[in-house]
Amino acid sequence: MAETIIGPTIQIEGDISGSDALAVHGLVRGGRIQVKDGVVIHASGRVEGDVESAAVEIAGVVQGNVAATDKVEIKAGGKLFGDVKAPRILIADGASFKGNINMGG
Amino acid sequence: MSDVSVIAPNHRVVGTVSAAEDLIIQGRVEGRIQSEATVIIDQAAIVEAEILARHVLVKGIVVGDVSGVEGIEIAPGGQVLGDLRTRRLALRAGGRVAGNVLTGVEVQPFTMAGKGGAQAWQRQTPRPPQVRGFSEEIVETSRPSSFTPAPQPATVGAGEVKKAKKEPSRESI
């Protein structure tokens, strides 16, 4: 199983696209993440930009819109500032979220 | 899940990648890669970017200039279409280079410290141990020039001056 891992001291300014899973421990800024498999933003991770994937898991910070074809999960301690579009949305106790939710229909 | 940073084979990154830890590229990167540590361009990876790192190991294809502060290694099957600048170059049998090669030159290393945002971010996140040792080394090499004026006022014995010279570098570590 191939997976992209953006380590804690890695900073990407730009876009990430592709089909494999993506784990963000560092910083992705100013671009757009378009990944077919899941995206996991770990507690130390930070994304400034839009995220599009099948499933998005947020334990870190995301500033941007998130769109998922399956689900978006904001874990305890996770922060999301932006709109969410997904058929299933989970917001854990202790998570923070500011934005609009669109669950389709 | 391993701790090493990887750009997976089916991923494409367009933009600037800055790193203070080792990074393995198996997919595609277009833009610029700058690192305080080692960058490995794996087999099947295609990089259309300028690369500046401490060490660069090329097993795949690089289109762009490559600068290695410590060294560059082109493994068998590795290809670089661009100029190489480094202190030491290892070109293995089967490796290809099309471009100007400059060895034995000092390459200005990349440091994430220069960027306010990145630095602030790093303070919150723990650095991997191998990186810590590496960054100390860089600081030490740049230290003698800035620290030479310090021992001057102490015109006592030669032995004492030596002591004074050694202390600052140890304290800061």
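Two residues are in contact here when heavy atoms of one lie within 4.5 Å of heavy atoms of the other. Keep that cut-off in mind while reading on, and remember that this is a predicted model.

**The core of chain B**

Leaving aside residues up to four places away in sequence, B:Ile25 touches B:Ile7, B:Ile33, B:Val39, B:Ile40, B:Ile41, B:Asp42, B:Ala45 and B:Val47. B:Ile25 also belongs to the largest nonpolar core, a set of 47 residues, where B:Ile25, B:Ile33, B:Ile41 and B:Val47 touch the most other members. The element that gives the most to this core is strand 6 of chain B (residues 46-58), with six residues. A second core of seven residues is separate, and its members include B:Val69, B:Val105, B:Val107 and B:Met112.

**Chain B as a whole**

Stepping back, chain B has three helices and 12 strands. Of its 173 residues, 39% are buried. If you look at contacts in chain B between residues at least 6 apart in sequence, 13% of them join residues at least 24 apart.

Now for the interface. Its size and its contacts are listed here.

| Item | Value |
|---|---|
| Buried area between chain B and chain A | about 2200 Å² |
| Share of that area on carbon and sulfur atoms | 54% |
| Residues from chain B in the contact | 30 residues |
| Residues from chain A in the contact | 29 residues |
| Residue pairs in polar contact across the interface | 13 residue pairs |
| Salt bridges across the interface | zero salt bridges |

Which elements of chain B give two or more residues to the side that touches chain A? They are strand 1 (5-7), strand 2 (11-19) and helix 1 (116-124) of chain B. Strand 2 of chain B gives the most to that side, with nine residues.

**A strand in chain A**

Over in chain A, strand 1 (residues 3-6) is worth a look. Strand 1 of chain A pairs with strand 3 of chain A (residues 21-24) in the parallel sense, over four bridges. To find this pairing in the structure, go to A:Thr4, whose bridge partner in strand 3 of chain A is A:Leu22.

Note on methods: Residues are numbered from 1 along each chain as its sequence is written. Chains are lettered from A and ligands numbered from 1 in the order in which they are written. This is a predicted model: local features need pLDDT of at least 70, side-chain atom pairs count only at pLDDT 80 or more; totals for chains, interfaces and linings use all residues. Side-chain values use heavy atoms; hydrogens and water are left out. Two strands pair if DSSP finds at least two bridges between them. A nonpolar core is a set of buried Ala, Val, Leu, Ile, Met, Phe, Trp, Tyr and Cys residues joined through side-chain atoms within 4.5 Å. Buried means under 20% relative accessible area, exposed over 50%, partly exposed in between (1.4 Å probe, protein chains only). Buried area is the accessible area (1.4 Å probe) that two parts lose on being put together, summed over both. A salt bridge is a side-chain nitrogen of Lys or Arg within 4 Å of a carboxyl oxygen of Asp or Glu. A polar contact is a pair of N or O atoms within 3.5 Å; within protein, one must be able to donate a hydrogen and the other to accept it, and residues adjacent in sequence count only if both atoms are side-chain atoms.
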